[in-house]
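My plan is to look things up one by one and write down what I find.

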Amino acid sequence: MSNPVFNDNVAEQARILEGEPMTISGAVNKTLILLACLIVSAGYTWFLWLNGYTDKAQMLTVAGAFVGFILAMVIIFTRKAMHILAPLYTICEGFFIGGVSAVYAAQYSGIVTQAVTATFAALFSMLILYRAGVIRCTEKFRAVIFTATLSVALVYLIQIVASFFNRGIPQIFTASPIGIGFSILVVAIAALNLIIDFDFIERGSQGLFEKKYEWYGAFGLMVSLIWLYLEMLRLLAKLSDRR
């Protein structure tokens, strides 16, 4: 499956044996809770940046990224205490994207509003296409998106390692036509991961997964949305640099 949050083992282990089953409305409600956690923590980091508390803001930004990644791995591989860990994950990621957004906003006027608008436009567009059956979440679709997502992750990993030696991958992280094309491609891949998220939530409700997997579905959706938002920021920044 494309989104690493939703691997085949999840479906195999999530079957409900007793108790209340997972529902779409429950997953939506939990997504809204996680979104609220994200907005509040992002707003706090942004507030610190705007009011000159840059040291504290930088600390929260870096710590949020690091701790958020660890929490995501714990959730994916253990699927324990998701009602606690999923909100903690989004709070940490909020600290991270709040700091990143403040840095971008200082350089590009209005970019954060544009990125947020574009992210939610992509979310609702993918939802409409999914519900209308225009994009079907087949096994082939999952395999293609998984390969594409893994490829993007590998490119970023290579860039990070290369940066330690004052090197980098030519063109794709610049505002050149190749760089912009790469960002458009990554935005498309991130948006298509939302289809996987929708499919998991729908299949979870139909397959009678345990109710705790509402948190897991919401968590997976937030992972995709956060990635999509960050890629929107990068794309818009590149487009601004071309003007």
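**Entry 1: a loop residue.** I began at Arg 79, which sits in the loop between helix H3 (54-78) and H4. The model is a predicted one, so I treat each value as computed from it. I looked up the backbone angle of Arg 79. Its phi is positive, about 50°, although Arg 79 is not a glycine. I noted the background for this: most residues other than glycine have a negative phi. Is Arg 79 buried or exposed? Its relative accessibility is 8%, so Arg 79 counts as buried.

**Entry 2: another loop residue.** Next I went to Asn 166. This residue is in the loop between helix H6 (139-163) and H7. Asn 166 also has a positive phi, about 55°, and is not a glycine. I then checked its accessibility. Asn 166 has a relative accessible area of 71%, so it is exposed.

**Entry 3: confidence.** The protein averages a pLDDT of 90. I also found that 92% of the residues score at least 70. Which element has the lowest mean pLDDT? Helix H1 (residues 8-13) does, with 52. H5 has the highest, 96. I wrote a reminder to myself: where pLDDT is low, the predicted coordinates should not be read in detail.

**Entry 4: helix H7.** I looked up H7 as a whole. H7 has 30 residues. From its first C-alpha to its last, H7 reaches 44 Å, close to the 44 Å expected at 1.5 Å a residue. Most of H7 is covered, with 21 of its 30 residues buried. After H7 comes Leu 208, whose phi is positive, near 60°.

**Entry 5: Ser 205.** I stayed in helix H7 (residues 177-206), where Ser 205 lies. Why does Ser 205 count as buried? The relative accessibility of Ser 205 is 19%, and buried means under 20%. I then looked for a polar partner. A polar atom of the Ser 205 side chain lies 2.7 Å from the backbone oxygen of Glu 202. I also listed contacts, leaving aside neighbours within four places in sequence. On that count Ser 205 is in contact with Met 22, Thr 23 and Ile 24.

**Entry 6: Phe 200.** Phe 200 is in helix H7 too. Its relative accessible area is 2%, so Phe 200 is buried.

**Entry 7: aromatic rings.** How many aromatic pairs are there? I got 12. I picked Tyr 89 and Phe 219 to look at in detail. Their ring centres are 5.1 Å apart and their planes stand at 80°, so the pair is edge-to-face. Tyr 89 lies in helix H4 (residues 82-107) and Phe 219 in helix H8 (residues 213-241), so the pair ties together parts that are 130 residues apart in sequence. Both Tyr 89 and Phe 219 are buried.

**Entry 8: the core.** I looked up the largest nonpolar core, which has 65 residues. The residues with the most contacts inside this core are Leu 194, Ile 195, Phe 198 and Leu 228. Which elements give two or more residues to this core? They are helix H2 (24-50), H3, H4, H5, H6, H7 and H8. H8 gives the largest share of this core, 18 residues. I checked Ile 195, again leaving aside neighbours within four places in sequence. Ile 195 is in contact with Met 126, Tyr 130, Ile 135, Cys 137 and Phe 141.

**Entry 9: helix H8 and Thr 119.** H8 has 29 residues and reaches 42 Å from first C-alpha to last, close to the 42 Å expected at 1.5 Å a residue. H8 is mostly covered, with 24 of its 29 residues buried. My last stop was Thr 119, in helix H5 (residues 111-131). Its relative accessibility is 5%, so Thr 119 counts as buried. Not counting residues up to four places away in sequence, Thr 119 touches Leu 225, Leu 228, Tyr 229 and Met 232.

Conventions:
Residues numbered from 1 in each chain as written. Heavy atoms only, no water. Phe/Tyr/Trp six-rings, centres within 6.5 Å; stacked < 30°, edge-to-face > 60°. Helix = DSSP H or I, 4+ residues; strand = E, 2+ residues; numbered from the N terminus. Buried < 20%, exposed > 50% of the residue type's maximum accessible area, 1.4 Å probe, protein only. Polar contact = N/O pair within 3.5 Å; in protein donor to acceptor, adjacent residues only side chain to side chain. Contact = heavy atoms within 4.5 Å. Expected span 1.5 Å × (residues − 1). pLDDT = per-residue confidence, 0-100. Core = buried A, V, L, I, M, F, W, Y, C linked by side-chain atoms within 4.5 Å.
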